[in-house]
Amino acid sequence: MDQGKSSPIGAATGGVRSVLRLEALAVLAGATAAYFASGGNPWLFVLLFFVPDLSFAGYALNARAGAAVYNTAHSYVLAAVLGALGWALGAELIWQFALILAAHIGFDRALGYGLKYASAFNHTHLGAIGKAKASTAPEA
């Protein structure tokens with residue numbers, strides 16, 4: 001399959017990419033609704049919504065470290081583990097952090113900002129982002 005000049009090899013394209021982005025939009029909506037239905041504070045939601053983007057700081061070291069830090073902070077697995085921990089401990093605040101994280105991840109992915117490959121910041125599992133065009137295979 002031709003990936004095109006704007007998508008790194010290994011990135012989702014076409015209908016698959018659209019489905020992944022719609023799923024992410026559903027996660028954003030569901031996590032946000034669950035947060036507010038559980039009595040979450042709107043100001044806490046606003047304050048913490050973009051905190052996962054601080055993971056960009058990993059790119060100050062190099063692309064491989066940056067991708068690892070970013071992907072860890074933007075993993076649905078992390079949100080699920082936090083949610084399970086909050087539920088198991090009866091810690092509502094941890095549960096709410098998990099919902100905010102899931103909402104943020106859904107927001108990013110709905111916009112096309114996927115998990116990063118170590119080859120470059122703009123190489124994601126949802127295709128290339130930004131003005132730079134990807135022409136080589138990204139490293140995992």
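In which crossing does H1 pass H5, left-handed or right-handed? H1 passes H5 in a left-handed crossing, a term used if the near helix is turned anticlockwise from the far one by less than a right angle.

## Basis of the description

This is a predicted model, in which local features need pLDDT of at least 70 and side-chain atom pairs count only at pLDDT 80 or more, while totals for chains, interfaces and linings use all residues. Residues are numbered from 1 along each chain as its sequence is written, and side-chain values use heavy atoms, without hydrogens and water. Helices (H or I, at least four residues) and strands (E, at least two) are DSSP runs, numbered from the N terminus.

## Helices H1 and H5

Helix H1 (residues 14-37) packs with helix H5 (residues 92-110) at an angle of about 150°, and their axes are 7 Å apart. Axes are lines fitted to C-alpha atoms over the stretch in contact, with angles from 0 to 180 degrees between N-to-C directions. H1 and H5 are therefore roughly antiparallel (over 145 degrees). Residues in the contact (heavy atoms within 4.5 Å) include Leu25 and Leu28 of H1 and Leu99 and Phe107 of H5.

## Helices H4 and H5

Helix H4 (residues 76-89) and H5 pack at about 160°, with axes 7 Å apart. Their crossing is left-handed. Among the contact residues are Leu82 of H4 and Trp95 of H5.

## The sheet

Three strands form an open sheet in the order E1-E2-E3, with antiparallel pairing; strands pair if DSSP finds at least two bridges between them. E1 (116-117) and E3 (127-128) are the edge strands. E1 pairs with E2 (residues 120-124) over 2 bridges, and Tyr117 stands opposite Ala120 in E2.

Key
Parallel < 35°, antiparallel > 145°, perpendicular 65-115°, else oblique.
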